[in-house]
Amino acid sequence: MQAQVSSSASPLLAVRDVSVVFGGIVALNGISFNMQKGQILGLIGPNGAGKTTLFNCLSRLYQPSKGDILLEGESILSRPPHRIAEVGIGRTFQNVALFPNMSVLDNVRVGAHCRTNSDIVSDSLRMPWIRSGEKALNKRVDDILGYLDLRSVAHTTVSGLPFGTQKRVELARALAAEPKILLLDEPAGGLNHEEVYNLGDLIRRIRDDRGITVLLVEHHMGMVMSTADYVVALNFGRKLAEGTPTQVQNDPDVIKAYLGSKDEQ
Ligand SMILES: Nc1ncnc2c1ncn2[C@@H]1O[C@H](COP(=O)(O)OP(=O)(O)OP(=O)(O)O)[C@@H](O)[C@H]1O
Ligand SMILES: [Mg+2]
């Protein structure tokens, strides 16, 4: 059963009693939950619930005031945000954050870079291991472009692409770093109905094909409920409920919290 799986002994990621205080505002208040390998975990909650704050703790943009976050049993809290890809945490941004004047290919290559063993000296001397590393990188990037149906726009500048395609490029960039956990910040935002459901399918395919664990922060309730295996609901910085999508959807506290906000139905 999912509820038991979530509390099993060795989760991939463990959020332990995390609190975040901004000035006088308690944005997160003692949040704990586990993520199992291969799980798609949906993080939901009305406006101001603390979803983005928690997401930013996981991607290391915010430092919790209390508690710990463990990846495979090791705390990630001493890592700065730019060193988080190395341990296997990849992310996308709520508002697309690509290099707009670079091609799709180059944007995805940037993502792949944290998995190469190059440095500036061996790079400039064109050492043999750099050339073979580059070949492997090119192949990996090409595979991902094919996987996300982006080969035909590989040489197009990102700023000229429709928003939905830009979001796919961002996903490609995150995948190129070969993450263990992919953190998605409202990936359905700004997409039309069909694109939202295609995205849900794509997220499940990424998990099934690549074994990547996904944390999905999303306002679009239908998308979360049809995509996630497990859901954690927050409200006012506290954990309101966790369980399967059906359990959470039917939880009286969750229903009350959503009826009390005009946020999303
Ligand atoms: N950088 C910050 N400085 C001060 N307060 C903040 C900051 N970030 C968030 N907060 C506050 O923390 C609380 C949680 O905000 P958060 O953005 O995490 O909510 P959310 O669940 O992502 O909401 P939304 O659905 O609107 O995106 C809110 O009261 C918010 O005003
Ligand atoms: Mg938010």
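Predicted model: local features only at pLDDT ≥ 70, side-chain atom pairs only at ≥ 80, totals over all residues.
Lining residues, with an atom within 4 Å of a point, number 21, and G164, R168, E195, L199 and L202 come closest to the centre. Two or more of them come from each of α6, β7 and α7 (193–210), helices being DSSP runs of H or I of at least four residues and strands runs of E of at least two, numbered from the N terminus. Nine of the lining residues are nonpolar, four polar and eight charged, where Ala, Val, Leu, Ile, Met, Phe, Trp, Tyr, Cys and Pro count as nonpolar, Asp, Glu, Lys and Arg as charged, and the others, Gly among them, as polar.

The largest pocket holds about 420 Å³. Of its 17 lining residues, I84, A85, I89, R91 and F93 lie nearest the centre, and β6 gives the most, with three. Eleven are nonpolar, four polar and two charged. At least three come from each of domain 1 (1–88 + 182–196 + 212–265) and domain 2 (98–178), bounds that come from an automatic or database domain assignment.

Residues are numbered from 1 along each chain as its sequence is written. Local features need pLDDT of at least 70, side-chain atom pairs count only at pLDDT 80 or more, and totals for chains, interfaces and linings use all residues.

Terms used: Chains lettered and ligands numbered in written order. Heavy atoms only, no water. 1 Å grid on protein atoms, 1.4 Å probe; cavity = no way out; pocket = protein on both sides within 12 Å on 5 of 7 lines; lining within 4 Å. Points joined across faces, edges and corners; volume = space filled by probe spheres on them.
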